[in-house]
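Take a look at the model below.

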Amino acid sequence: MASTNGASKKESGAANVSSMGWKELYLKEDWWAIYLGLGIILVAFLFFVSGSSIKWIAVTPAKWHTLDQAIGYFGDHIGQYLAQFIMWSVVFTISLRVLGFKFGEFFPSFLFVYIFSIIIFMIGQWDQASHYNLEPPLLALALGLIISNFIGLPKWMDAGFRVEYYIKAGIVLLGATLPFTLIVWAGPVAVVQATIVSITTFTVIYFVSLKMGLDRRLAATLGAGGAVCGVSGAIAIAGAVGAKKEHAPIAITMVIIWAIVMIFFLPLVSRAIGLHTGVAGAWIGTSEFADAAGFAAAQAYGNMAGAATGIPGTPDDAVFGFTLMKVIGRDIWIGIWAFLFALIATTRWERRPHTKPNPAEIWWRFPKFVIGFFLASVFITIVAAGYSQADFNKIVKPELVSPIKNLRTWAFIFCFFSIGLTTRFRELAAAGMKPFWAFTSGVFVNVILGFVLSTIVFAGYWSSLSH
Amino acid sequence: MIDDNGKASVRCITCTHFRNSPAYLESVLRGLNTMSSGHASVRKDDGVCLLHDLYLSADAHCEQYVRAQAGG
């Protein structure tokens with residue numbers, strides 16, 4: 001049996017792996033994101049209950065006004081940054097080695113990511129950064145795009161640009177800052193809103209695709225990419241319906257292009273009309289196409305909130321609104337979409353080879369990192385239940401929750417920078433005008449419908465998340 | 001024949017034409033690692049059939065099945 005990175009004589013790097021089954025507990029990055037995220041939370045809790053805190057290692061750059069201040073602060077805390085880098089390197093190396101990556105490729109690449117992440121984070125802490133729209137997520141993405149498309153980096157460095165792994169780990173850590181009571185209160189609304197938009201968007205993309213004469217498997221793949229879960233949705237449905245090999249890359253290209261456009265478009269439009277951060281977060285959750293891109297947009301807009309801009313709400317409202325809409329409203333249903341389309345493909349479409357869809361697909365395709373997200377939320381909610389609101393704000397938040405949030409922010413910056421570094425426009429598959437217009441028709445519907453539902457129909461919920 | 005997971009082994013996963021390693025998929029499905037991953041749970045064991053040029057479930061099968069050699 002070949003290893004995951006063994007090579008056949010026919011294709012370089014191509015190998016079979018055995019059916020994974022429960023081996024996915026150590027061969028899928030979703031589970032490693034759970035181990036990493038919950039591991040950090042557990043360690044943070046153990047330090048907390050022993051009267052200490054992990055905040056020393058969860059260092060972030062401080063606000064600064066002059067460059068001398070920024071450099072001075074960094075110099076005073078360089079030991080902490082070094083310790084943090086070692087921590088991240090160790091936890092990522094262990095998991096990525098098991099997943100088949102080479103230490104000699106990951107480590108230098110991650111060092112590159114970490115150094116630039118410090119720079120990006122520090123720029124974002126400049127007291128004039130918001131005035132110039134130098135939000136870390138947008139800056140990270142833009143810098144990554146410039147480097148990958150105009151300078152270029154060797155392909156082996158992709159080992160350290162693990163967008164999905166970073167965002168999944170970040171989402172698990174996010175769970176520790178999002179009360180489970182909020183999930184219970186707003187989750188059903190998120191599901192209703194997301195379902196309306198997802199089904200509508202999918203229907204538009206699918207039938208416009210068919211009208212244009214595209215293969216129905218491509219139509220379904222495009223629809224899933226635009227309506228359900230971005231690239232992950234596209235590949236899940238593509239596999240479920242037995243799409244042609246070129247269909248998934250076409251959908252991936254469409255998702256990436258529009259997701260990057262939306263990272264800038266949604267926050268900037270929200271800012272222009274002064275949307276409450278929770279409302280904007282929900283809109284981004286319905287109208288962004290990928291978790292990583294959506295968190296970039298939501299965090300960027302959340303950072304714009306405050307007296308200086310007049311934007312109501314808190315930074316957390318934007319992130320929470322997005323998380324509820326995208327993760328709970330859309331991501332967790334991917335297995336059901338895949339199963340339903342496998343059923344449709346085998347019972348109504350003629351295709352070869354034949355597959356008997358199994359309801360167990362719903363579990364196997366479930367984005368497992370969401371389990372970590374829920375567990376983290378439940379855990380911290382239970383911890384918080386033992387404190388009054390005042391004591392929670394005075395003790396638990398600074399000593400336990402804030403350090404976890406800081407580490408989450410780092411994971412997100414690694415992710416946003418990696419999006420830019422891995423988006424090489426010249427290498428993306430050519431999609432053609434028909435798939436472009438079919439997908440774009442869904443984008444228009446998605447954005448408008450998401451806007452109406454977020455800012456009018458369910459605005460009351462999204463603007464009340466902090467309460 | 002039954003494989004280690006107790007399933008009938010005449011499936012794409014054991015066919016010589018099937019490729020589904022995460023590294024391979026990230027190389028042929030351009031852009032996959034930008035906003036997803038070959039190691040994601042949602043992918044399950046899906047892979048590419050080199051014979052039919054399809055991206056499909058590892059549980060699929062067809063008349064052109066050829067059992068893969070051990071180690072290949």
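In what order do the four strands of the open sheet run? The order is S1(A)-S3(B)-S2(B)-S1(B), and the pairing is antiparallel. Two edge strands, S1 (243–244) of chain A and S1 (18–19) of chain B, each pair on one side only. Strands here are DSSP runs of E with at least two residues, helices are runs of H or I with at least four, and both are numbered from the N terminus. Two strands pair if DSSP finds at least two bridges between them.

A word on the source. This is a predicted model, in which local features need pLDDT of at least 70 and side-chain atom pairs count only at pLDDT 80 or more, while totals for chains, interfaces and linings use all residues. Residues are numbered from 1 along each chain as its sequence is written, and chains are lettered from A and ligands numbered from 1 in the order in which they are written.

Back to the sheet. S1(B) pairs with strand S2 (residues 47–49) of chain B over two bridges, in the antiparallel sense. Phe18(B) stands opposite Cys49(B) in S2(B).

Now turn to the helices of chain A. Helix H8 (residues 180–211) packs against helix H18 (residues 433–457) at an angle of about 160 degrees. Their axes are 8 Å apart. The axes are lines fitted to C-alpha atoms over the stretch in contact, and angles run from 0 to 180 degrees between N-to-C directions. H8(A) is therefore roughly antiparallel to H18(A), a term for angles over 145 degrees. Residues in contact have C-beta atoms, placed from the backbone, within 7 Å. H8(A) contributes residues including Ile196(A), Val197(A) and Thr200(A). H18(A) supplies Phe439(A), Gly442(A) and Val445(A), among others. By class, the contact has 10 nonpolar, eight polar and no charged residues.

Two loop residues of chain A come next. Ser130(A) lies in the loop between helix H5 (103–124) and H6. The cut-offs are 20 or more other C-beta atoms within 10 Å for buried and 12 or fewer for exposed, with partly exposed in between. Leaving out residues up to four places away in sequence, Ser130(A) touches Asn303(A), Met304(A), Ala308(A) and Thr309(A).

Trp156(A) is in the loop between helix H6 (136–151) and helix H7 (163–175). Trp156(A) is also partly exposed, with 14 other C-beta atoms within 10 Å. Thr286(A) is 130 residues from Trp156(A) in sequence, and their C-alpha atoms are 34 Å apart.

Methods
Parallel < 35°, antiparallel > 145°, perpendicular 65-115°, else oblique. Contact = placed C-beta atoms within 7 Å. Nonpolar A, V, L, I, M, F, W, Y, C, P; charged D, E, K, R; others polar.
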